[in-house]
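Take your time, and try each task before reading its solution.

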There are 2 protein chains.
Amino acid sequence: MANSASGESIIGRFVKIVSAFDDSHPSMSVAELGRRTGLPVTTAYRLVNDLLLERLLDREPDGNVHIGTRMWELVSRGSKMVGLREAALPFMEDVQAVVQHSTTLGILDSDEVLYIERIGSHSTIVDITKIAGRLPLHATSSGLVLLANATPEYQESALARPLAKFTETTLTDPPQLRRHLAEIRQRGYAVMPGVIVKESSGIAVPVYGPDNTVVAALSVVVPRNEENVPARVPVLMASARGISRALGWRGELKGALRQSR
Amino acid sequence: MANSASGESIIGRFVKIVSAFDDSHPSMSVAELGRRTGLPVTTAYRLVNDLLLERLLDREPDGNVHIGTRMWELVSRGSKMVGLREAALPFMEDVQAVVQHSTTLGILDSDEVLYIERIGSHSTIVDITKIAGRLPLHATSSGLVLLANATPEYQESALARPLAKFTETTLTDPPQLRRHLAEIRQRGYAVMPGVIVKESSGIAVPVYGPDNTVVAALSVVVPRNEENVPARVPVLMASARGISRALGWRGELKGALRQSR
DNA sequence: GGTGGATTACCATTGAGCGGGAATCCAGAG
DNA sequence: CTCTGGATTCCCGCTCAATGGTAATCCACC
C-alpha cells in the first residue's frame with residue numbers, strides 16, 4: 001500500500017506528521033516538519049497543504065504549523081478517553097485535595113501505561129508523568145496494578161521483554177515480579193518506593209468498568225520520606241470505587257463471583 | 001485531488017470517518033461507518049483496515065471500531081489545547097468551588113465557541129455545553145466575550161451571518177449586538193440571561209495570552225433566578241488573570257498601552 | 001435452514017500521489 | 001547595498017496504489 005517510493009501509505013505519513021509534534025515542539029516550519037519526519041520536501045509541502053485545507057493542521061501568522069484545532073475537536077469528541085477522563089476528574093480532585101501531591105489516571109496500552117489525566121500541585125516536585133505520556137509497566141505503581149489485572153498470557157509476554165532498571169528499587173526479575181503482582185492482586189493496591197525517581201513513591205489502585213474488568217489505574221505520587229505511605233490507600237480506593245461507579249460498574253467483585261457460583 | 005470517483009482526497013475521507021464518531025456514537029460496525037460517511041462499502045473496509053494498522057482506530061472484541069487510543073495520544077501530545085487546558089484547570093476548580101454550578105473554558109474557532117474544558121457539579125442542571133462541543137457566538141456569554149475582543153472585520157463578518165434566536169432574550173439584531181459588544185469590551189465581562197436556555201444565565205470574562213491577545217473565555221453558568229448575578233464577576237476575573245499569567249501573560253493591558261505611547 | 005446483514009476476496013482501470021529539480025521569496029549578516 | 005542560506009512554491013512526467021464495482025463467505029437470529 002502506497003504510492004511512495006519508500007512504500008508508506010498516506011496514513012502512515014499522516015501519523016509521522018502528527019507524531020512530529022510534542023511538548024517541546026508544539027509548532028514548526030514545514031521544512032523542519034519535513035526533516036523531522038524524513039519526508040521529501042515537496043511531499044511534505046503537498047501533504048501539509050492537504051491537511052491545512054481540512055484544518056487538521058493550523059498555520060500560524062509566522063508560517064509555522066501546529067496540530068489543528070479541528071483535529072483536537074474531532075478526536076476529543078469521538079474518543080472514549082474523554083468520557084473516562086470526565087468521569088474520573090471530580091474524584092481525582094477529591095484525592096488531590098487530601099493527598100496534595102500529584103494524582104494521575106493511567107490505562108494499559110501497547111505494553112505501557114498511558115496517562116490520560118493528571119492533576120498536581122502548582123509547585124510539583126519530581127514527577128515525570130505527563131498527560132498523553134507513557135511509562136513502562138514494571139516501573140510504575142499504575143503499571144503494576146494494570147499488569148496484575150491483565151490476563152496471565154499478557155503478563156507473561158510483558159515479563160518476557162527486557163525490563164529497564166531505573167533505580168536500585170526497580171524490580172526487573174520476572175519471578176520476583178510475579179510474586180509482587182500476585183500480592184497486588186490480592187491486596188488490591190500497589191506501592192512502589194522510588195522505582196523511577198528515587199525521591200518519590202507511587203501508590204495505585206484499579207478502576208473497574210461495567211463488565212468488572214480493570215479499565216484504568218488511579219494513582220498518587222508522594223515524597224518517599226513520608227512517614228506512613230499506606231495510610232493513603234483508603235482514600236485512593238474509595239475514589240477509585242467512585243470512578244468505577246460513574247463508569248457503570250455495579251457492586252462488588254468478590255460478591256458477584258460468590259453469587260454466580 | 002483524489003483517486004475517488006467523488007473527487008475526495010484520502011485526508012477528506014479520514015476526516016469523514018473520524019467525524020462519524022461522537023458522544024452518541026462512540027463505536028460502530030464498519031458497515032455502519034460506511035453508511036454514515038457515505039463511502040462505498042469496499043472503500044470503507046479498506047480505509048478502516050489501514051487506520052487499524054496504524055492504530056488510529058481500535059477494534060473491539062465484537063468487531064466494532066472506535067477512535068484509537070494512539071490517535072488520542074498523538075493529538076493530545078501535540079496539541080496546544082492540552083497546555084491551555086492544563087494551565088486553566090486549577091483556576092477553574094477554584095471558580096467551581098465558589099460558584100458551584102458549571103465552569104467552562106472556550107475558544108474562538110470557525111465562527112463558533114469551541115469548549116475545550118468544562119467542570120460541573122455532579123448533578124448538573126440545564127447546561128448544554130460539552131467538552132469539544134460548539135455553540136454560536138452571539139448566543140453565549142463566552143462567545144460574546146471572544147467576539148468583542150476579535151478584530152472589527154471579524155466582528156462584522158460574524159454579525160453579517162444569519163443569527164439564530166433561541167429564546168426571547170437572544171440578541172439577533174446587529175446594531176444592538178454591536179452596542180452590546182462595545183459594552184462588554186469596556187466592562188470586561190459579559191452576562192447573558194437565558195439566551196440559549198431560559199432557566200440559566202452565563203457570565204464570561206476574557207483570558208489573555210503572552211501577546212496580550214484574548215485566547216479564551218472563562219465562564220460560568222448559574223440558575224437565572226439567582227439574586228445577584230454580577231456578584232460572580234470578580235471571582236471569574238481574578239481566576240482569568242491567574243490563567244492568563246500561567247499562559248505567560250504579563251502585566252496590565254491598559255498600562256502596557258499607555259507606556260508605549 | 002433460511003434470511004439479512006456484516007465482512008472478506010477478487011480484479012481491471014486510472015488519475016492522484018509522487019518527488020526530483022529549479023525558480024522564487026525572504027531575512028539576516030557583512 | 002549585496003550576499004547567502006533557508007524556506008517555500010512551481011513545474012511536470014511517471015506510475016502504481018487506491019478505487020469500487022461484483023460476488024463469495026461468514027454469522028447471528030428468528
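Before we start, a definition: a helix axis is a line fitted to C-alpha atoms over the stretch in contact, and angles run from 0 to 180 degrees between N-to-C directions. Keep in mind that this is a predicted model.

**Exercise 1. Two crossing helices**

Task: Find helix H6 and helix H8 of chain B, and work out how their axes are arranged.

Solution: 
- Step 1. Locate H6(B) at residues 141–148 and H8(B) at residues 174–187.
- Step 2. Their axes come within 9 Å and cross at roughly 85 degrees.
- Step 3. Angles of 65 to 115 degrees count as roughly perpendicular, and H6(B) and H8(B) are therefore roughly perpendicular to each other.
- Step 4. Now look at who meets whom: H6(B) brings B:Leu144, B:Val145, B:Leu147 and B:Ala148, while H8(B) brings B:His180, B:Leu181, B:Ile184 and B:Arg185.

**Exercise 2. A helix under cover**

Task: Is helix H4 of chain A mostly covered or mostly open?

Solution: 
- Step 1. H4(A) runs over residues 69–78, which gives 10 residues to check.
- Step 2. A residue is buried if 20 or more other C-beta atoms lie within 10 Å of its own.
- Step 3. Nine of the 10 pass, so by this definition the helix is mostly covered.
- Step 4. Among the buried ones you can pick out A:Met71, A:Trp72, A:Leu74 and A:Arg77.

**Exercise 3. Where the chains touch**

Task: Which helix supplies the largest share of the side of chain B that touches chain A?

Solution: 
- Step 1. Each chain gives 40 residues to the contact.
- Step 2. On chain B, elements supplying at least two residues each include helices H1, H3, H4 and H5, along with strands S3 and S5.
- Step 3. The largest share, nine residues, comes from H4(B).
- Step 4. The chain B side divides into 22 nonpolar, nine polar and nine charged residues.

**Exercise 4. Inside the core**

Task: Which residues touch the most other members of the largest nonpolar core?

Solution: 
- Step 1. That core holds 143 residues.
- Step 2. A:Leu218 and B:Leu218 touch the most other members.
- Step 3. Beyond its neighbours within four places in sequence, A:Leu218 is in contact with residues including A:Leu105, A:Val205, A:Leu236 and A:Ile243.

Technical notes: Residues are numbered from 1 along each chain as its sequence is written. Chains are lettered from A and ligands numbered from 1 in the order in which they are written. This is a predicted model: local features need pLDDT of at least 70, side-chain atom pairs count only at pLDDT 80 or more; totals for chains, interfaces and linings use all residues. A residue is buried if 20 or more other C-beta atoms lie within 10 Å of its own, exposed if 12 or fewer, and partly exposed in between; C-beta atoms are placed from the backbone. Helices (H or I, at least four residues) and strands (E, at least two) are DSSP runs, numbered from the N terminus. A nonpolar core is a set of buried Ala, Val, Leu, Ile, Met, Phe, Trp, Tyr and Cys residues joined through C-beta atoms within 7 Å. Two residues are in contact if their C-beta atoms, placed from the backbone, lie within 7 Å. Ala, Val, Leu, Ile, Met, Phe, Trp, Tyr, Cys and Pro count as nonpolar, Asp, Glu, Lys and Arg as charged, and the others, Gly among them, as polar. Angles under 35 degrees count as roughly parallel, over 145 as roughly antiparallel, 65 to 115 as roughly perpendicular and the rest as oblique.
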